Each structure stands twice: as C-alpha cells, then as structure tokens.
Amino acid sequence: MASDNTKTPWVKTNRGVATCMTIFFLVLLGYLFSQDWVYQTQRDGFRLGFFTVVAALAMLICSVVMIFDRFKDDTTPEILGLRAKHWLRALLVLVICYAYFYLAWNIDFLIISPIFLAFSTYMLGVRPVSSAIVSGVIVGCVIFFLFKLIGIELPSMFF
Amino acid sequence: MIDFDALQQAISMVFTFNTMLWLAIGVTIGVGVGAMPGLTATTGVALMLPLTFTMDQAAALGLLIGLYKGAIYGGSISAISFATPGTSEAAATVFDGHKLMRRGKGKKALLTALYASVTADFLSDVITILIAPMLALVALQFGPSERFWLMVLAVCLLGALSGAHFAKGMLSAALGLFIGTVGADPVSSIPRNTFDLWWLADGVHLIPLVVGIFAMGAMLEKIVELSSVKQKAQRLGGTLKGLFSMGGEGLSFREYLSCWKEMSIGLGVGTFVGMLPGLGSTVGAFLSYGIAKQVSPHKKIGTGKIEGVAAAEAGNNATVGPTLVPLLAFGIPGSAVAALLGAALMLQGATPGPRMFELYPALIYSLFLVLLLGNIFNLGIGRIFAFVYAKLGELPAPLLVPIVMLMAVIGAYSYENNPYDVLIMLFFGVVGLFMRTFRIPEAPLIITFLLAPQAEENLRRGLLINEGDWFATLMNSPLAIGLAIGVVLLTYISSRLRISERMIEMSEEQMAEDEKDSANRSNG
Amino acid sequence: MSRPSLEHGGKKFMKFLTRSALALAGATTLAMTAPSLSFADSYPSTTVKTIVPFGAGGGTDRWARVMSSGAFDVFGHGMHVQNRGGASGTIGWKYMMDGKADGHSILLASPTPVMAALMEKKPPYDPANIKVPAYYSIMKPTLVGPKDKPYSTWEGLVAYLKDKNNKKLSIGGTMTQLLGPASLLAQLGLENRVILVPYSGTGKAVNDYLGGHIALVNVTTSTATGLAKDHAIIVNSTDLDYPKSAQKALAGVPNAKSLGLKPFNPPRFVAMHPDTPDDQVKMMGEKIGELLKNKAVSKLIGKIGEDVVYVGPDKAQAQYQEVLDEAKKYLPLFQ
C-alpha cells in the first residue's frame with residue numbers, strides 16, 4: 001500500500017473511504033430499523049431481522065475502526081488512479097451488459113453477440129474495425145456452438 | 001471381504017471401449033463446463049442425465065463421474081488464466097493462480113492445479129472406497145450443535161484470509177454475513193432482508209455472487225485500467241499468432257513434491273468436508289487454502305505461490321469421492337451432484353442405500369473403478385485443456401474482456417435460467433470492483449456467505465429441538481464441547497500469532513528506518 | 001316466352017338460391033362445429049411449452065424430462081422443457097403468469113412455489129388464481145421413527161404425546177413434508193406436543209435423524225422404503241396407498257383414511273394460465289392422462305422411483321383448492 005504520498009486527497013485515503021462507508025452503513029441501519037419485518041418475532045424467539053442487523057452493525061463498526069486504525073492515512077494505487085468518470089464507465093458497461101442479455105435472449109443470440117463483442121472490442125481499442133468485427137463474429141459463433149455441444153441451448157432461430 | 005466374482009464382473013463392465021469412451025467424453029465436457037464461468041458440475045451432470053437413460057450401467061457412471069471430476073478441476077483453468085473462477089469452488093485458486101499467470105508462470109500454475117487435483121482426488125477416492133461406512137458413521141455424529149461449532153471453527157480458521165488490514169477483512173466477512181441473511185428465514189421460511197424485491201425471497205445464490213465479484217469485478221477493473229492508460233491501438237494478428245506457439249515454464253517433479261503438505265491438508269479437509277452433507281467443495285477449497293496459509297506463514301501463500309494453488313485445488317477435488325459416502329451408506333444424497341448420481345443409479349435399477357453392497361456388488365465395484373479411472377482421464381484430458389487455456393489467457397485484454405463478460409452473463413443466467421440472476425451478478429460486479437480498488441479481500445466474504453447462514457440454521461435448529469435451552473444446544477455432546485474448546489484455542493493462538501506477526505513487521509520497519517538513517521548519515 | 005323462361009329462370013334461380021343458402025348454412029354449421037372437432041382432435045396443435053420452475057436436475061425437472069420423452073407419441077408434438085428456476089419456484093410461476101394463455105404453455109408445479117407465495121407478505125401472484133388441468137402425482141409424506149421406542153406406531157405415538165409428562169418430540173423434514181403429520185396431529189389437538197423442525201432437504205433431515213439428533217423424520221416414499229428394514233414406519237399422511245414397488249417394504253403402514261382422519265395430499269400438478277379457456281384446460285388434462293399411461297413413460301417414471309397418481313381435469317382444480325386451504329391453515333405452525 002502506498003502511504004507516503006502527502007498529496008493524496010483526503011477522500012482517497014482509507015479514512016476518507018471509511019467515512020463514506022460509515023455514512024452509507026448508518027443509512028442502511030436507519031432503513032433496517034424503519035422496517036416492520038425486522039421486529040417480527042419467530043417461533044424460536046429470534047426477531048426476523050436479528051442477524052441482518054448484527055451484520056449491518058458489524059460493517060458499521062469495521063468502517064468506524066478504519067477511520068482510526070493505523071492504516072488510516074494509507075491509500076491504494078487503484079483508488080488513486082480512479083476518477084468519477086471511471087465509475088460512470090463501469091456503470092455504463094453494466095447497462096450495456098444487461099441490454100446485451102435482454103436483446104440476445106429476446107431477438108437472437110447469434111445476431112446480438114457478435115455485435116456486442118465487436119462493439120466492445122472496438123471500444124476497448126482494437127483496430128482496425130474489421131479486426132473487431134471478424135473477431136466478434138468468430139468468437140460469438142464459437143461460444144454458441146460450444147454451449148450447444150454441452151447441451152445448453154442459447155436462443156437462436158438459425159439452429 | 002472382497003467379492004472377487006463381483007470385482008471380476010465389474011472389471012469386464014468397466015474396461016470396455018464403450019465405457020472408456022463415455023468416461024473420456026464425460027471428462028472432456030466436464031473440464032469445458034467447469035472452465036466456463038457460472039456453469040457448475042451440477043448443471044453439467046443434470047444436463048447429461050437424460051442421456052444415460054439408454055446407456056449401460058458402467059458407461060452411465062463413466063459419463064457422469066467423469067464429468068463431475070472434470071468440472072471440479074476445470075474451474076481452476078479459468079481462475080488461473082483470467083482471474084475468473086469457472087466454478088465457485090475455484091474461487092480460492094484465483095488468489096495465487098492468477099498472480100502466477102501474470103508473472104508468466106501460467107503453465108506452472110495450471111499444472112500444479114491439475115496434479116494437486118488429481119492427487120487429492122485419487123487418494124480421497126481410495127479413502128472413500130476403503131472406509132466409506134466408517135466415514136459415514138462419523139458424519140452422523142454431526143448434528144445441529146456440532147455443525148454449529150464446526151462452522152464457527154471454520155470461520156475462525158479463516159482469520160488467515162483476512163489479509164494484513166484486519167478491519168478490511170472483517171468488513172468483508174460482515175458483508176458476506178449480510179448478503180447471507182437475504183432470503184427465507186431458516187426456521188419460519190418468511191422472506192427477510194429482501195429490500196421488498198419478491199425475486200430475492202430465496203436469497204442470493206453462490207453462482208451469480210461469485211461470478212459477479214470475481215469475473216465481472218475483474219473485468220470492470222480491466223476496463224478502468226484500459227481506459228485510464230492512453231492505449232495504443234491494438235492489433236490482434238501478432239498476439240494471436242503467439243497463441244499457437246508452445247512454451248512457458250512447466251512444473252518440475254521436485255516442485256510438485258514440495259507441495260506435499262498443502263496437498264495433504266487439502267486431502268484431509270476435502271475428504272472431511274465432502275462427507276458432511278450440505279458443505280460442498282467451495283468450503284473445502286477455502287478451508288484448505290486458509291489452513292495451509294496459517295500452517296506455513298513462511299511460504300507467503302497469497303502472493304502467487306504454487307502451494308496456494310495446490311491447497312485450494314486439492315481441497316476441492318478431494319470432496320468428489322467422499323460426497324458419495326452418505327449416498328452409498330444411507331441413501332442420503334449429501335449434495336446436488338450426489339442426488340443426481342443417485343437418480344442415475346436408480347435409473348440403472350439400483351436404489352442407493354446401505355443394502356447396495358449386498359444387492360448390487362458389481363455395480364458398486366464398477367462405481368469405484370470409474371471413480372479411480374476418472375482421475376487418470378482427468379490427468380490426460382486436463383493437460384490438453386490446460387495448455388490451450390494457458391494460451392487463451394494471453395489474449396490481449398481488449399478481446400478477452402468482452403468474452404469473459406459475455407460468458408459471465410451466460411453463466412449467471414444458465415445457472416437456473418433466471419434473468420434476475422444476471423441482475424444480481426452485475427450488481428456484485430460493482431461490489432467486486434469496489435472491493436478490488438479498495439483492496440478489501442474477497443475470501444472472507446465468500447466464506448461467511450457460505451458458512452454463516454449454515455451456522456445460524458444449525459444454531460436455531462438446535463434451539464428449536466432443545467426448546468430454547470442454550471446450554472443444551474451448545475454443549476450437546478462431547479464432540480460439541482471438543483469443537484467449542486477448539487474454537488477458543490484457535491482464537492487464542494491466532495490472536496497471538498497476529499500480535500507476533502505485527503511485532504516482527506514493526507521491528508522490520510524500524511530496522512529499515514535505521515538503515516535509511518545510517519545511509520543518510522554516511523552520505524551526508 | 002319470356003315470362004315462363006323468366007319463371008323458369010326464376011325457379012332455377014330460387015333453386016340455386018335455396019341450394020346456396022343450404023350449402024352456406026351447412027358450411028356455416030360445419031365451420032362452427034368443425035374447428036372445435038378438429039381442435040379436439042389435433043390438440044395440442046403445436047409444441048407444448050413446459051415450464052419447470054426449478055433448475056435442471058431436481059425432482060420436478062426429472063418428471064419433465066421423462067414426460068417429454070413420450071410427448072411425440074401422445075401429443076403428436078414435442079414438449080419443450082424450459083427450466084425457469086429461482087426464488088423457490090416463484091420465478092417460473094410468475095413467468096407463466098406473465099406469458100400468454102395460449103393453451104400450449106404448462107407449468108409443472110409442486111407445493112414449493114405455492115408455499116413460497118403463501119409466506120410472502122406481498123406475493124408476486126395469488127396461488128389460488130390458476131387453472132389446474134391435472135395432478136400427475138401426489139407425494140406421500142411418511143413418518144419414520146426408531147423401532148424400540150413407545151412411539152414407534154401411530155397409536156403409540158398418539159398415546160405418548162397425550163401424556164403431558166413426556167417430552168415433546170421433534171420431527172424433521174422439508175416444510176411440505178412436515179405439513180402432513182402436522183395436519184394429522186392437529187386434528188387430534190396434539191400439534192403443540194411436537195416440534196416441527198424444517199430442513200431444506202430430506203437428506204439433511206434423515207442424516208440428523210440417523211445420528212439421533214431429532215426424534216422422528218418425515219420422508220418421501222423412496223426414502224421410507226430404504227429405511228423400512230431397520231426403522232419403524234409410523235404413518236402415511238395421505239389417503240393413498242403406496243405404489244406397487246413400495247408396498248412390500250411398507251406393508252401395514254396406516255394412512256389418513258384408515259385412521260379416519262382428513263388427509264394431506266401434497267400434489268405434483270400441471271398448472272395453466274388462469275385465462276386459459278376451460279375446454280383447453282380440460283383437453284390438456286386429458287392429454288396429460290394419456291401421456292402418463294404411455295408405456296415407455298410409465299416405465300421410466302417407475303425407474304426414477306416415482307409413482308403416477310393421475311387426477312383428471314374434473315377433480316384436479318377442486319382438490320388443489322382443498323390442499324391450498326389446508327396449507328394456509330397449518331402454515332402458522334411454522335411461524
């Protein structure tokens with residue numbers, strides 16, 4: 001862990017991240033305590049929410065400890081390089097993945113998968129475009145037939 | 001004791017071209033299934049079960065057992081090659097395996113995984129064959145109280161997996177516990193902690209969780225990496241050519257032998273975990289890895305050591321044979337795969353149970369022979385796959401990342417054909433990305449996610465049976481008391497170890513500073 | 001000339017008109033009746049989408065695979081088995097409800113998704129709101145206990161539980177299985193003298209029973225057959241006899257009918273979308289009956305250790321409703 005950098009913005013130190021997590025877990029606990037099911041008593045005497053609340057409390061305690069322990073000023077190289085746009089990009093990737101799943105299973109796996117693969121490889125820097133397209137088509141087909149071989153039917157009208 | 005007529009009959013059933021062919025097909029499909037993220041041994045065996053309707057006994061066993069063995073090993077291939085465990089039991093293999101891969105020692109890691117898997121699998125099969133009924137009796141001693149303590153003991157043993165920053169390890173464990181409480185209450189079956197989402201009523205399953213945290217998390221991290229470094233346009237031609245050239249550092253016999261301790265730990269832990277119903281190979285792998293790490297701190301397992309790979313892989317493959325123990329001894333399937341194998345045996349006209357040994361001795365012997373032979377096939381076929389995959393792992397990231405993401409989507413979905421599992425997997429992809437960037441270890445999360453709900457279930461079951469009497473529940477038998485003492489001792493020892501580790505660390509830091517000072521002074 | 005010719009022509013025309021009218025009427029009648037006739041003959045007219053609300057490899061999945069193996073012979077079309085697992089079968093059930101009432105989609109259901117919906121405060125569907133064309137089997141929850149105890153017979157068990165000096169007895173099993181003895185004992189006012197210990201699978205419960213951690217265990221027919229040699233088989237909570245293959249091992253076991261109690265018959269049933277027209281539900285029910293009678297299918301069912309209990313479309317819906325009411329009555333015992 002890199003700890004020597006004095007220019008590290010506070011929010012990227014363990015203490016900064018732990019503070020954010022503490023707030024998050026406080027909100028989570030608040031949400032839990034506002035729920036009726038948490039208080040419902042079961043026939044063995046346990047409340048329905050007992051273990052959930054214990055877990056949430058444990059997470060809260062751990063993040064509070066992180067604000068004060070000996071690693072509080074440390075940070076990680078990964079977090080130093082991370083910008084808000086990266087998180088947005090990650091979220092966008094997830095949306096694309098779900099959209100891919102939705103389309104592939106509702107339209108046709110063999111049409112959508114090569115498009116998804118070619119688009120992603122191109123976006124990640126494969127050039128020229130023809131390489132991205134060719135690799136997308138090949139890989140999409142190979143995966144389709146591999147799964148077919150195992151006995152898993154992927155949705156396609158062609159086969 | 002050995003029924004030689006039956007054995008002879010079994011040999012003539014097993015050593016036929018037909019059986020061998022199906023065994024080879026089983027292992028091949030198994031390794032392939034295992035290597036694909038999200039597809040498990042259970043899925044593979046379930047898919048192939050209808051095929052066995054028309055096969056003869058030995059061939060049916062060959063196909064299914066070959067597939068089972070292949071799949072448990074196969075998970076490690078993608079764990080090492082792409083940091084994406086093909087099956088949840090291979091998640092523990094990622095830690096050391098992928099680090100070795102990144103250092104260009106992928107082939108060595110893959111071979112270690114293969115040899116450790118096959119060695120532990122073979123030996124645990126021998127143990128199963130020799131003392132199955134005895135093992136089964138031991139397993140029966142474990143009731144709710146004993147299981148509760150066993151789970152607590154396992155969680156304590158895994159303190160070693162929490163990494164250098166204790167609070168982060170514990171946070172990860174608490175998160176695992178939290179996710180584990182999503183779903184039906186073990187006593188009343190009333191849904192809890194579901195955030196009012198009806199499709200969470202049964203909780204989060206291990207497959208989408210593991211695929212999300214490991215595979216999706218790792219790929220998202222790669223994407224961030226790729227987008228933060230100004231990349232040169234990638235040309236695929238040259239790198240693809242490299243794929244077809246052989247090479248890479250292999251594994252010497254001496255290195256294989258040097259892992260004997262880890263393989264023994266894996267064998268012991270895996271055999272034990274395998275015969276207890278409901279624990280499974282993922283627990284076997286993590287426990288074995290955790291214990292190996294604790295037993296030999298000087299080997300620095302976790303930093304990319306073949307010993308880590310050996311411990312994890314021996315731990316999961318050693319559960320294969322013993323899973324069948326409760327099935328053969330009492331007719332109780334201890335796991336989903338065992339239930340499917342039981343169904344296959346029934347289709348072949350043999351109801352699993354204690355009388356199997358009397359009624360169908362030839363079938364039992366052929367089962368044993370297939371168990372042993374499967375390992376040899378696994379060794380041969382696994383080697384071929386390992387080389388191919390080791391090369392695939394060297395694919396350039398822009399091509400590899402979309403492929404793994406696509407496989408993660410298919411894997412999460414085809415586990416139960418449940419579209420919500422894809423959502424869960426993607427959600428845990430973000431959690432995985434956060435854990436990676438903030439360096440929160442994943443192992444404690446998986447372990448508490450697996451064990452804490454079982455500990456809770458057993459504790460509350462014990463309390464139900466004993467009508468709320470805590471003492472009777474916790475100190476139910478000498479075995480329970482023994483395990484409880486074990487927990488106390490282990491906690492004490494590991495806290496002492498932690499303190500001494502910290503002292504060493506601090507003195508090392510002090511020495512380094514002193515050296516720096518003296519160097520400065522001499523320079524000055 | 002023109003007139004007669006016209007007349008003649010008119011007659012001709014009238015004849016033509018009458019004929020045409022008759023033909024039209026006939027055709028209309030035919031058109032009205034023919035489709036339903038041919039529909040019945042050719043039903044199902046396409047592949048039957050068969051939803052299994054569990055993952056591949058489970059009990060219901062095995063039933064589906066076995067049934068689909070005979071579909072071509074009986075239906076003239078295949079059964080396309082789709083596993084839609086997750087959330088205790090509720091995902092698959094919801095999937096069927098969200099689909100079309102096309103008469104060619106069926107769900108192979110078991111009590112699990114029914115119970116799961118009953119447990120939910122805001123269930124994704126009302127388990128009562130479906131059409132049930134047929135039962136294909138009924139599970140027979142069977143209570144097993146040690147041979148050397150006073151409660152190794154039903155009478156012994158009742159007497160033992162009635163004596164307040166005796167400790168409560170724990171019974172393990174899956175929730176569906178446990179509802180059987182729970183309902184029998186509740187009819188005698190003894191439900192509070194036992195502790196119902198739910199397990200996620202029969203195997204785990206049997207393991208705890210064999211290790212002596214619970215007093216009694218409630219199991220499936222095939223498990224009971226396996227245990228019969230060394231254990232006492234106490235009661236079968238349904239009003240049905242065991243299948244032939246198990247009758248020898250389980251001879252003389254009392255059931256709800258012989259005890260004069262109301263049975264609990266947990267069904268394996270076929271479900272269809274609630275908007276499916278009744279005639280299609282009826283035809284599907286009958287076809288399922290034919291399928292179960294198919295030689296190859298019934299042989300395979302026997303091989304997987306299950307037995308067919310067919311309840312046709314005339315009775316299935318009412319029986320299902322009854323089971324649902326029973327389950328609702330006894331589920332609070334678990335909460």
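E78(A) and R439(B) pair their side chains in a salt bridge, 3.1 Å from N to O. A salt bridge here is a side-chain nitrogen of Lys or Arg within 4 Å of a carboxyl oxygen of Asp or Glu. This is a predicted model: local features need pLDDT of at least 70, side-chain atom pairs count only at pLDDT 80 or more, and totals for chains, interfaces and linings use all residues. Residues are numbered from 1 along each chain as its sequence is written, chains are lettered from A and ligands numbered from 1 in the order in which they are written, and side-chain values use heavy atoms, with hydrogens and water left out.

**Chain A with chain B**

- Chain A brings 66 residues to the contact and chain B brings 69 residues; contact means heavy atoms within 4.5 Å.
- About 6200 Å² is buried between chain A and chain B, with 79% of it on carbon and sulfur atoms. Buried area is the accessible area (1.4 Å probe) that two parts lose on being put together, summed over both.
- On the chain A side, F51(A), L124(A) and I150(A) lose the most area to chain B, together 11% of what that side buries.
- Two salt bridges are counted between chain A and chain B.
- Seven residue pairs are in polar contact across the interface of chain A and chain B, both residues at pLDDT 80 or more. A polar contact is a pair of N or O atoms within 3.5 Å; within protein, one must be able to donate a hydrogen and the other to accept it, and residues adjacent in sequence count only if both atoms are side-chain atoms.
- Helix 4 of chain A gives the largest share of the side of chain A that touches chain B, twelve residues. Helices (H or I, at least four residues) and strands (E, at least two) are DSSP runs, numbered from the N terminus.
- That side of chain A has 45 nonpolar, 14 polar and seven charged residues. Ala, Val, Leu, Ile, Met, Phe, Trp, Tyr, Cys and Pro count as nonpolar, Asp, Glu, Lys and Arg as charged, and the others, Gly among them, as polar.

**Chain C with chain B**

- Here 44 residues of chain C are in contact with 44 residues of chain B.
- The buried area is about 3800 Å², and carbon and sulfur atoms give 62% of it.
- One salt bridge is counted between chain C and chain B. K122(C) and D196(B) meet at 3.8 Å, N to O.
- K122(C) lies in the loop between helix 5 (111-119) and strand 4 (131-138) of chain C, and D196(B) in the loop between strand 2 (191-192) and helix 9 (206-228) of chain B.
- K122(C) is exposed at 59% relative accessible area, and D196(B) is exposed at 55%. Buried means under 20% relative accessible area, exposed over 50%, partly exposed in between (1.4 Å probe, protein chains only).

**Salt bridges within chains**

- Over all chains, the count is 21 salt bridges.
- E255(B) and K108(B) meet in a salt bridge at 2.5 Å, N to O. The two residues are 147 residues apart, in helix 11 (residues 253-258) and helix 6 (residues 106-140) of chain B.
- E255(B) is partly exposed at 23% relative accessibility, whereas K108(B) is buried at 4%.
- K282(C) and E286(C) form a salt bridge at 3.3 Å, N to O. They are about one helical turn apart because they sit four residues apart in helix 12 (residues 278-293) of chain C.
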